[in-house]
Amino acid sequence: MKFVCVFSFILLVSSLPGITAWPKGAPTSVCQSMLPGHGKEPQPMADIPYHIEVPRFALKQNDKIMITLTSETETPFKGFVMKAVEVPGNNIIGTFSILETGANTTAQYLPCTHPQSSITHTNNVQKLVQMVEWSPPAEFTGPVVIVATLVKDGYTYWVNVTSDTIMVGSVEVESGAVSNSAMTCLASLFVLVLALLQ
């Protein structure tokens, strides 16, 4: 009888929301899948209350850009994982810089492919905004997107939330100077030229 009670308790605990999640930040094992391990399918993108803000759609080499995870509906999130990837493909690229310091820091580096290549949360306290900086490699040119997973609670999360395309090159364009559709078109042309040259 005692064995049955212990076994039942284990089953109950293992079924609780977020029991396989990481309240103190995600491990490097999630760098590719971006899945938090909550035991449930991610939510559809049509219902997402969050988005990734970028202040401009082009960036000079050796420059930095502010990246903001935020809620459109004042819906807080508890956890996140964020990386920058080349387009096309899924190669993690660039370096993040955490702006906060001290005991109240809500972000930490996640060395997916190199130091500061990705970031994740430090605790599961509810957050409405998370701001970090990202910079491309010194010699890199081409389109990049920021990709994130955001966790509202143990059973509610969104995977591979994607920012607008950022074109990294020798010319910087301020937000508003060129529309996002134009930047997407430029990124597509860049990819097409690369394909033709191969």
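Where is Glu-74 found? Select Glu-74 and the answer is the loop between S3 and S4. The tour returns to this residue after an overview.

**Ground rules**

This is a predicted model, in which local features need pLDDT of at least 70 and side-chain atom pairs count only at pLDDT 80 or more, while totals for chains, interfaces and linings use all residues. Residues are numbered from 1 along each chain as its sequence is written, and side-chain values use heavy atoms, with hydrogens and water left out.

**Whole chain**

Start with a cartoon view. The protein has two helices and 11 strands, in the order α-β-β-β-β-β-β-β-β-β-β-β-α from the N terminus. Helices (H or I, at least four residues) and strands (E, at least two) are DSSP runs, numbered from the N terminus.

Switch to a surface. The accessible surface is about 10500 Å², and carbon and sulfur atoms hold 60% of that; the areas come from the Shrake-Rupley method with a 1.4 Å probe, and for residues only the protein chains shown count as cover. Of the 198 residues, 40% are buried. Buried means under 20% relative accessible area, exposed over 50%, and partly exposed in between (1.4 Å probe, protein chains only).

For contacts (heavy atoms within 4.5 Å), take those with a separation of 6 or more: 66% of them join residues 24 or more positions apart.

**The nonpolar cores**

Next, select Ile-67, Leu-69, Met-82 and Trp-134. In the largest nonpolar core, which has 29 residues, these four touch the most other members. Strands that each supply at least two residues of this core include S1 (50-53), S3 (65-71), S4 (79-86) and S8 (129-135). S9 gives the largest share, four residues. A nonpolar core is a set of buried Ala, Val, Leu, Ile, Met, Phe, Trp, Tyr and Cys residues joined through side-chain atoms within 4.5 Å.

Keep Leu-69 and show its surroundings. Beyond its neighbours within four places in sequence, Leu-69 is in contact with residues including His-51, Phe-77, Met-82, Val-129 and Leu-150. Another core, of 14 residues, lies apart from the largest one; among its members are Val-30, Met-34, Val-145 and Val-151.

In soluble globular proteins, nonpolar side chains tend to be buried together.

**A buried lysine**

Select Lys-127, in the loop between strand S7 (118-121) and S8. The side chain of Lys-127 does reach the backbone oxygen of Val-125, at 2.7 Å. Leaving out residues up to four places away in sequence, Lys-127 touches Pro-76, Phe-77, Lys-78, Phe-80, Thr-106 and His-121.

**Loops and backbone angles**

Go to Pro-88, in the loop between S4 and S5. A cis peptide bond joins Val-87 to Pro-88, with omega about 0°.

Now return to Glu-74. Its phi is positive, about 60°, although Glu-74 is not a glycine. Glu-74 counts as exposed, at 60% relative accessibility. Asn-62 also has a positive phi, near 65°, in a residue other than glycine. Asn-62 sits in the loop between strand S2 (58-60) and S3 and is exposed, with a relative accessible area of 60%.

Then select Ser-163, in the loop between S10 and S11. Is Ser-163 buried or exposed? Ser-163 is buried, with a relative accessible area of 7%.

**Salt bridges**

How many salt bridges does a search of the whole structure find? The search finds two, where a salt bridge is a side-chain nitrogen of Lys or Arg within 4 Å of a carboxyl oxygen of Asp or Glu.

Select Asp-63 with Arg-56: their side chains meet in a salt bridge at 3.4 Å, N to O. Asp-63 counts as partly exposed at 23% relative accessibility, and Arg-56 as buried at 11%.

Finish with Glu-133 and Lys-64, which form a salt bridge with the closest N and O atoms 3.9 Å apart. Glu-133 lies in strand S8 and Lys-64 in the loop between S2 and S3, so this pair ties together parts that are 69 residues apart in sequence. Glu-133 is partly exposed, with a relative accessible area of 22%; Lys-64 counts as partly exposed at 42%.

Technical notes:
A polar contact is a pair of N or O atoms within 3.5 Å; within protein, one must be able to donate a hydrogen and the other to accept it, and residues adjacent in sequence count only if both atoms are side-chain atoms.
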